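Reader: I have a model open and some questions about it. Can we go through a few spots?
Author: Go ahead.

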Amino acid sequence: MDFLTKDKLVIVGAAGMIGSNMAQTAMMMRLTPNITLYDPYAPALEGVAEELRHCGFEGMNLVATSDIKEALTGADYIVSSGGAARKAGMTREDLLKGNAEIAEQFGKDVKQYCPGVKHIVVVFNPADITGLITLVYSGLKPSQVTTLAALDSTRLQSELAKFFKIAADKVVNSRTYGGHGEQMAVFASTTTVDGTPLDSLIGTDALPVEEWEKIKVKVIQGGKNIIELRGRSSFQSPAYLSIEMVAAAMGGKPFRWPAGCYVNNDKFKHIMMAMETTITKDGVSYKNIAGTPEEQKELEKSYQHLCKLRDEVIEMGVLPRIPDWHKLNPNLH
């Protein structure tokens, strides 16, 4: 059976639920025969590797290691879920300090062991910030690092499909932008529901304003809801979507959802945030987002929240001051 590429794909945090699901998804999608699993917790990692071998996938060259140098050397693509998981009662932001330090070390390891890596997807929360830290310390180009942000847009699609009792793919171009957190900007103006613009339905009998507001809350608190229902944070959906992102970076099917990427333009400065993106073998590119004045205001609020988190990380000493970023990464001006 054919693979999309023969390049080396590394799953960081592979002993966890997201990481192990990412590995299985990558194998099922036949992305590459050369997959390396890394996790500092060796017993669980070996358990994951054993289970994947027991699946009997054809043609796989599966390596499992708790040695970061061995894992990253020669890596072409990396997906990292290698941070602490969110637990009941925690926000993504509660994870900030510990996961920021993990992201710093991850970026340094990339620079040391695989400076030729083609693309990295960062999944662990708060992903906008951990992705930014990874970018700064890795020395990579902004086009080479993306973060998982699609989960909010798929949750919006799901909630609208449930409300209107239609198939999910009848909800087209559902979008959230800005932060992957509870300050995200939920857009209505981009979406159509069974061919009808969502904007024209809000405030009618089909979708009263109060129902639309409830849907937005469900989207914003989608991760919290999974924790309450399952007793643990999401793992199937982030695993699948992040591997779809890597597949696009390998030259596979276009990625259908927004992604977090580095933005530095006249409006948003020195930040990683969810934008309307295209991911290809050449990396990620984004275009400016058009929305209603109210949506633009929400996006600005989301950006300001991300700036606050970024500045907290600078205060912690995990990141240097913005004018000094280029000393660590000449690709950031």
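Reader: Is Pro-258 buried or exposed?
Author: Pro-258 is buried, because its relative accessibility is 0%. Buried means under 20% relative accessible area, with a 1.4 Å probe and protein chains only. Bear in mind that this is a predicted model, where local features need pLDDT of at least 70, side-chain atom pairs count only at pLDDT 80 or more, and totals for chains, interfaces and linings use all residues. Residues are numbered from 1 along each chain as its sequence is written, and side-chain values use heavy atoms, with hydrogens and water left out.

Reader: Where is Pro-258 found?
Author: In the loop between H10 and strand S12 (259–263). Helices (H or I, at least four residues) and strands (E, at least two) are DSSP runs, numbered from the N terminus.

Reader: And what is Pro-258 in contact with, neighbours within four places in sequence aside?
Author: Its partners include Ala-149, Ala-150, Ser-153, Tyr-177 and Met-275, where contact means heavy atoms within 4.5 Å.

Reader: Switching to helices. At what angle do the axes of H6 and H10 cross?
Author: Roughly 115 degrees, and the axes come within 10 Å. Axes are lines fitted to C-alpha atoms, for helices over the stretch in contact, and angles run from 0 to 180 degrees between N-to-C directions.

Reader: Which residues make the contact?
Author: Ala-150, Leu-151 and Thr-154 of H6, with Ser-237, Pro-238 and Leu-241 of H10. By class, that contact has 4 nonpolar, 2 polar and no charged residues. Ala, Val, Leu, Ile, Met, Phe, Trp, Tyr, Cys and Pro count as nonpolar, Asp, Glu, Lys and Arg as charged, and the others, Gly among them, as polar.

Reader: New topic, the backbone. Which peptide bond is cis?
Author: The one from Asn-125 to Pro-126, with omega near -10 degrees. Pro-126 sits in the loop between strand S5 (119–122) and helix H5 (127–138). Most peptide bonds are trans.

Reader: What is phi of Arg-30?
Author: Near 55 degrees, a positive value in a residue other than glycine. Arg-30 is in the loop between helix H1 (17–28) and strand S2 (34–38), and its relative accessible area of 11% makes it buried.

Reader: Then what about phi of His-270?
Author: Near 50 degrees, again positive in a residue other than glycine. His-270 lies in the loop between S12 and strand S13 (271–280) and is buried, with a relative accessible area of 17%.

Definitions and conventions:
Buried < 20%, exposed > 50% of the residue type's maximum accessible area, 1.4 Å probe, protein only.
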